[in-house]
Protein chains: 2
Amino acid sequence: MTGSLRIVGIGPGLADWITPEASMMLADATDLVGYAPYLDRCPARAGQRRHASDNRQELDRARAALRLAEAGRHVAVVSGGDPGVFAMAAAVFEAIDRGEPAWHAIDVRVSPGISAMQAAAARLGAPLGHDFCAISLSDNLKPWALVEKRLIAAAEADFVMALYNPASKTRRDQIGAAFALLRRLKAGATPVMFAKAIGRADEHVIVSTLADADPECVDMATLVIVGSSETKVISRGAGTPFVYTPRSAARGP
Amino acid sequence: MTGSLRIVGIGPGLADWITPEASMMLADATDLVGYAPYLDRCPARAGQRRHASDNRQELDRARAALRLAEAGRHVAVVSGGDPGVFAMAAAVFEAIDRGEPAWHAIDVRVSPGISAMQAAAARLGAPLGHDFCAISLSDNLKPWALVEKRLIAAAEADFVMALYNPASKTRRDQIGAAFALLRRLKAGATPVMFAKAIGRADEHVIVSTLADADPECVDMATLVIVGSSETKVISRGAGTPFVYTPRSAARGP
């Protein structure tokens, strides 16, 4: 009995951003494993089993999926966004690495998806148009000192920054601390963008500056983008401005 | 006569990675504008005009697209990968910013796509599973000193690195210079991955180390990923190993 495991990215909320590959992998699975709101976004299929969990315990969820595949099931681990970007793929491979030797032989494939930063960028214009970095502000799994070190490096080398996990239900201080740190290193006029619930009916973007950026704009569904010294804002009357980072850079910060 | 402009990402080569939104935008366009090999990947549609160009002159191509939209056409600018990541979106918004005032009022939307680093990561496992940066090694549009500064910052802050444009038809020295620089700052055992032509029939990945990484493995269709100090390789007998970066980081570099 040979099972399989697919790690499938369903993007940030809009059904039209789910790739055909992801849709096929979801349809082919005997079992879907994932955070309940992501499973709710997968089309129903008769006979398919669903194993919903909360949004923590990623390693336990990965192990449960691997055990199902080992037992011969065709399992899709459903991930929001791109499973390879702050999502389930790393948890599955960590579980394989630390788990049963037999798990190394399981047929595992990853299907990429649209990540939150790409959806946010698309709505704003092209803020990630040149060198950028992606940093998770969660200090659940790494020391805050390492987050600070990466923010400082990114500021000093003038990367655009996509800040993932700027807040959680229980955690709201990090984004304020990040803005305070960045204000010491970057111009107050640097564009800062809040992209909320992109791809959902209540999606919303705010274009601000580092000097004015309000940590209260952030919730669990927010992605924050901090511009480089080259990032530009194109105002459009009453409409949301466009934001882009040119492909060329004349200089450093 | 009100035209529109869509900037559409068709991913790195696999038709099953083109999102339904992108497919609809391509189908709805009266005019497709883009690099010829990308246009060749778009399904034929009767009556649709195609404006193919070479892979340089991005700003000229953007201006041509804006002029068509201004004249009432429904234009799709076709971009490989994600148009927001080292691709056409930044060129279009730069053209708007520097161009005719009337262009600010054109109905412009971006449709995100799977970028090369995501496709490469999916084939490898989850090498971008934690904080990472994306750097273009092309020095056509920025000084090489800025590339070096960003590589040094990324090494010192222990980001995983996705290196875009590691070579062109006329340019092969940068990736060798980047490896030489990184060898002074990072362990020789750091995983280095070459992902070639991912999503195409001849796709191919190579898992190496920084000490052994051969610049000759690189061509125009290659994306290079350099691991962090936490990036791990899971060997699988004769198969290509999996590579992942854990979600947790105990320490800095």
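User: On what conventions does the description rest?

Analyst: This is a predicted model, in which local features need pLDDT of at least 70, side-chain atom pairs count only at pLDDT 80 or more, and totals for chains, interfaces and linings use all residues. Residues are numbered from 1 along each chain as its sequence is written, while chains are lettered from A and ligands numbered from 1 in the order in which they are written.

User: How many residues of domain 2 of chain A are in contact with domain 1 of chain A?

Analyst: The domain assignment, which is automatic or from a database, divides chain A into domain 1 (4-114) and domain 2 (117-244). Their centres, taken over C-alpha atoms, are separated by 28 Å. Contact is counted when the C-beta atoms of two residues, placed from the backbone, lie within 7 Å. On that basis, eight residues of domain 1 of chain A are in contact with residues of domain 2 of chain A, and the latter number 10.

User: Which residue stands opposite Gly34(A) in strand 3 of chain A?

Analyst: Strand 2 (residues 31-35) of chain A runs parallel to strand 3 of chain A, and five bridges join them. Within strand 3 of chain A, the residue opposite Gly34(A) is Ala52(A).

User: Is strand 11 of chain A largely enclosed or open, and how many of its residues are buried?

Analyst: A residue is buried if 20 or more other C-beta atoms lie within 10 Å of its own, exposed if 12 or fewer, and partly exposed in between, with C-beta atoms placed from the backbone. On one side of strand 11 of chain A, Thr222(A), Val224(A) and Val226(A) are buried, and on the other Leu223(A) and Ile225(A) are buried. Strand 11 (residues 222-226) of chain A is therefore largely enclosed by the rest of the structure, the number of buried residues being five of the five.

User: Which residue is the bridge partner of Phe194(A) in strand 11 of chain A?

Analyst: Strand 11 of chain A pairs in the antiparallel sense with strand 8 (residues 160-164) of chain A over three bridges, and Met161(A) stands opposite Val226(A) there. Strand 11 of chain A also pairs in the antiparallel sense with strand 9 (residues 191-196) of chain A, over five bridges. In strand 11, the partner of Phe194(A) is Val224(A).

User: Which C-alpha of chain A is nearest the axis that relates the two copies?

Analyst: The copies are superposed by least squares on the C-alpha atoms of residues with pLDDT of at least 70 in both. A rotation of 180° with 0.0 Å of shift along its axis places chain A on chain B with an RMSD of 0.0 Å. The two copies are thus related as by a two-fold rotation axis. At 1.9 Å from the axis, the nearest C-alpha in chain A is that of Cys133(A).

User: Which residue of strand 7 of chain B stands opposite Cys133(A)?

Analyst: Strand 7 (residues 132-136) of chain A and strand 7 (residues 132-136) of chain B run antiparallel and are joined by three bridges. Opposite Cys133(A) stands Cys133(B).

User: Which helix of chain A gives the most residues to the side that touches chain B?

Analyst: 55 residues of chain A are in contact with 55 residues of chain B. With seven residues, the helix that gives the most to this side of chain A is helix 4 (residues 88-98).

Technical notes: Helices (H or I, at least four residues) and strands (E, at least two) are DSSP runs, numbered from the N terminus. Two strands pair if DSSP finds at least two bridges between them.
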